[in-house]
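Keep the viewer open as you read.

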Amino acid sequence: MAKKNFAREDVLDKVITLFWQNGYAATSIQQITKATGLKPGSLYYEFESKEGLFQAALARYATFSIEAIHLSMANASSVNNAIKQMLNTLIEQSKSCDYCGCFLIKTQLELASQGNQLYQFASAQLTKIEHIYLDYLSEYYPQIQAKAYAAQLMTVIFGIRIYGYQAESATTQINTISALLPWLATLSKDDNS
């Protein structure tokens with residue numbers, strides 16, 4: 001057997017952008033081989049199929065997203081402040097000329113009518129993210145309230161990720177967040193301001 005001369009993570013990093021921009025269906029094997037510099041046989045040997053490659057890319061993206069949540073929570077003075085900072089970051093990202101939204105949400109939208117394994121995987125990752133928010137919010141709010149807040153937060157994140165494609169939408173998004181998530185303005189246990 002020939003020795004593998006590529007790093008799986010490098011391949012995934014290259015295809016995340018490609019799949020993220022084009023979607024699953026619109027990304028061809030030719031585009032993938034061009035982006036990665038690998039031959040189809042190497043890709044199929046490592047990932048078994050285009051679907052396997054896409055799912056591995058989704059998993060890597062989800063891991064990065066989850067790590068970013070934990071990092072934001074660790075570096076903020078409170079959960080509410082961390083959430084505010086994350087939402088502001090999402091809005092800032094939406095101002096970019098090459099804005100792509102969220103890879104997981106875009107996948108869910110693209111594949112919703114099919115309900116296939118990739119759709120289910122993306123949905124499961126988004127549910128996992130919601131549970132992470134729930135865990136953090138549960139430290140400061142009663143469980144029922146934290147669950148409602150986590151669902152509200154995910155709804156707002158979905159909205160930002162989709163509405164962000166509208167030109168000049170940042171101010172509208174900021175005002176909408178304030179209206180839809182008034183609890184973010186309340187003081188948390190760690191707030192001293």
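Helices here are DSSP runs of H or I with at least four residues, strands are E runs of at least two, and both are numbered from the N terminus. What you see is a predicted model, in which local features need pLDDT of at least 70 and side-chain atom pairs count only at pLDDT 80 or more, while totals for chains, interfaces and linings use all residues. Residues are numbered from 1 along each chain as its sequence is written, and side-chain values use heavy atoms, with hydrogens and water left out.

With that in hand, start with the whole chain. It has nine helices and zero strands, so the pattern along the sequence is simply α-α-α-α-α-α-α-α-α. Taken along the principal axes, the C-alpha atoms fill a box of roughly 60 × 35 × 30 Å.

Now look at how α6 packs. Axes are lines fitted to C-alpha atoms, for helices over the stretch in contact, and angles run from 0 to 180 degrees between N-to-C directions. Helix α4 (residues 50-75) and helix α6 (residues 103-111) meet at an angle of about 140°, with 9 Å between their axes. Angles under 35 degrees count as roughly parallel, over 145 as roughly antiparallel, 65 to 115 as roughly perpendicular and the rest as oblique; α4 and α6 are therefore oblique to each other. On the α4 side, Phe54, Ala57, Leu58, Tyr61 and Ala62 are in contact (heavy atoms within 4.5 Å) with Phe103, Leu104 and Thr107 of α6. The residues of this contact divide into seven nonpolar, one polar and no charged. For these classes, Ala, Val, Leu, Ile, Met, Phe, Trp, Tyr, Cys and Pro count as nonpolar, Asp, Glu, Lys and Arg as charged, and the others, Gly among them, as polar.

Helix α6 also packs against α8, at an angle of about 80° and with the axes 10 Å apart, which means that α6 is roughly perpendicular to α8. Here Ile105, Gln108 and Leu109 of α6 meet Ile157, Phe158, Arg161 and Ile162 of α8. By class, this contact has five nonpolar, one polar and one charged residues.

On a 1 Å grid over the protein atoms alone, a cavity is a set of points where a 1.4 Å probe fits but cannot get out, and a pocket is an open set with protein on both sides within 12 Å along at least five of seven lines; lining residues have an atom within 4 Å of a point. Grid points are joined across faces, edges and corners, and a volume is the space filled by probe spheres set on the points.

The largest pocket has a volume of about 590 Å³. Among its 31 lining residues, Tyr61, Ser65, Leu90, Gln93 and Arg161 lie nearest its centre. Two or more residues of the lining come from each of α1 (8-22), α4, α5 (79-94), α6, α7 (117-138) and α8 (143-163). The lining divides into 21 nonpolar, eight polar and two charged residues.
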